[in-house]
Amino acid sequence: MILLWKVRKTHATTHQKGRTNLSWVHDVSCLAVPLPDIACYIPSPANSTLDLPVKGYKISVWLAAYLERKTFMTYSLESDPLILAGKSFRSRLLVGTGKYQTFALMKDALEASGAEIVTVAVRRVNLDRSSGESMLDYIDTKRYTLLPNTAGCYTADEAIRAAMLGREAGLSDWVKLEVIGDEKTLFPDTEALLSATKTLVKEGFVVLPYTNDDPIVARKLEDAGAAAVMPMGAPIGSGMGIRNPANIRIIMETVSVPVLVDAGVGTASDAAIAMELGCAAVLMNTAIADAADPVAMAEAMKLAVQAGRIASKAGRIGRKLYATASSPIDRLSL
């Protein structure tokens, strides 16, 4: 028994001797059939279902040969949720809420992104909703999981106080922990970050620390109780993309908690690359909020994250110095 592609939409050419050759194929699913019964399924002109099996010699020669060697496994995003601190999420895109021109635009972008986790800066949001318009008025907490962050904190004590304030205000006991070490680069102070992580974990927080791309620091953060590690792809807001993919991969081999790329993403291809590396998720803000069309970019990021995840699971081909024919002569049937 092997798995045969069941073709829903196929352009086929039939030769005089009854052999069928597929010129192109898309929109397929898998069907298990005995090896002797390999057949090409051609859609009926009157029906979109596949009800006209044509059994002949070799079908789509390259496909038949491939099927003899491999059994296919179908990957599904729906059956592969993101798990953070024991909680399941369908989306692997986390988005921020800062820098938007209006709160209404932010709301539309959040919806287009498909994200389920949104970050809010505790020190920059109006927590007193009775004193005027607040960003929180535009975020449906029944739909989104709030992830307070400690943006703008330069010491461990500042970050701890901000996290405590967010929890007391009813935002969440989750925290995206940031302890900035340099005002110009916004690189994290990893020593203070580690100290704050230990304290907040003891206080019952689910800590997701923003860190550099150092595997040793990542391992120490995991040992301190971090629920995930969030290495920077590039400096915050730089849009430079993933500058050190090798270190990101080493971090994933070093820790057992989820690895989320945080900061530096500039466009959809950057998000896809992060996911193709095998990261569990991507967090971004500026790439969407500062785009010429934030709503369109939010949708692009959603699709890029999904495509990158699928590609990661599908397994890319190996890189080669020289060409390999896509239609080898030794497999042709004339």
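L186 has a relative accessibility of 25%, so it counts as partly exposed. This value, like everything below, comes from a predicted model. The residue sits in the loop that links β10 (174-177) to α4 (190-202). Its phi is positive, at about 60°, although L186 is not a glycine.

A85 is another non-glycine residue with a positive phi, here of about 50°. Its place is the loop between β5 (82-84) and β6 (87-89). Why does A85 count as partly exposed? Its relative accessibility is 46%, and the partly exposed class runs between the 20% limit for buried and the 50% limit for exposed. Here are the two residues side by side:

| Residue | Phi | Relative accessibility | Loop between |
|---|---|---|---|
| A85 | about 50° | 46% | β5 (82-84) and β6 (87-89) |
| L186 | about 60° | 25% | β10 (174-177) and α4 (190-202) |

### The chain as a whole

Stepping back, the protein chain has nine helices and 14 strands. Of its 334 residues, 43% are buried.

### Nonpolar cores

How many residues does the largest nonpolar core have? The count is 66, and the members with the most contacts inside this core are I139, L177, L200, V229, M284, I288 and M301. Leaving aside neighbours within four places in sequence, L177 is in contact with T150, A159, L193, A196, T197, L200, V207, L208, P209 and Y210. Apart from this core lies another, with 16 residues, including L94, W174, V206 and A228.

### Where α5 meets α6

Next comes a helix pair. The axes of α5 (residues 215-223) and α6 (residues 245-254) come within 9 Å of each other, crossing at roughly 30°. The crossing of α5 past α6 is right-handed. On the α5 side, the contact is made by P215, A218, R219 and E222, while α6 brings in N247, I250, I251 and T254. Sorted by class, this contact has four nonpolar, two polar and two charged residues.

Terms used:
Residues numbered from 1 in each chain as written. Predicted model: local features only at pLDDT ≥ 70, side-chain atom pairs only at ≥ 80, totals over all residues. Heavy atoms only, no water. Core = buried A, V, L, I, M, F, W, Y, C linked by side-chain atoms within 4.5 Å. Buried < 20%, exposed > 50% of the residue type's maximum accessible area, 1.4 Å probe, protein only. Contact = heavy atoms within 4.5 Å. Axes fitted to C-alpha atoms, helices over the stretch in contact; angles between N-to-C directions. Helix = DSSP H or I, 4+ residues; strand = E, 2+ residues; numbered from the N terminus. Left-handed = near helix turned anticlockwise from the far one by under 90°. Nonpolar A, V, L, I, M, F, W, Y, C, P; charged D, E, K, R; others polar.
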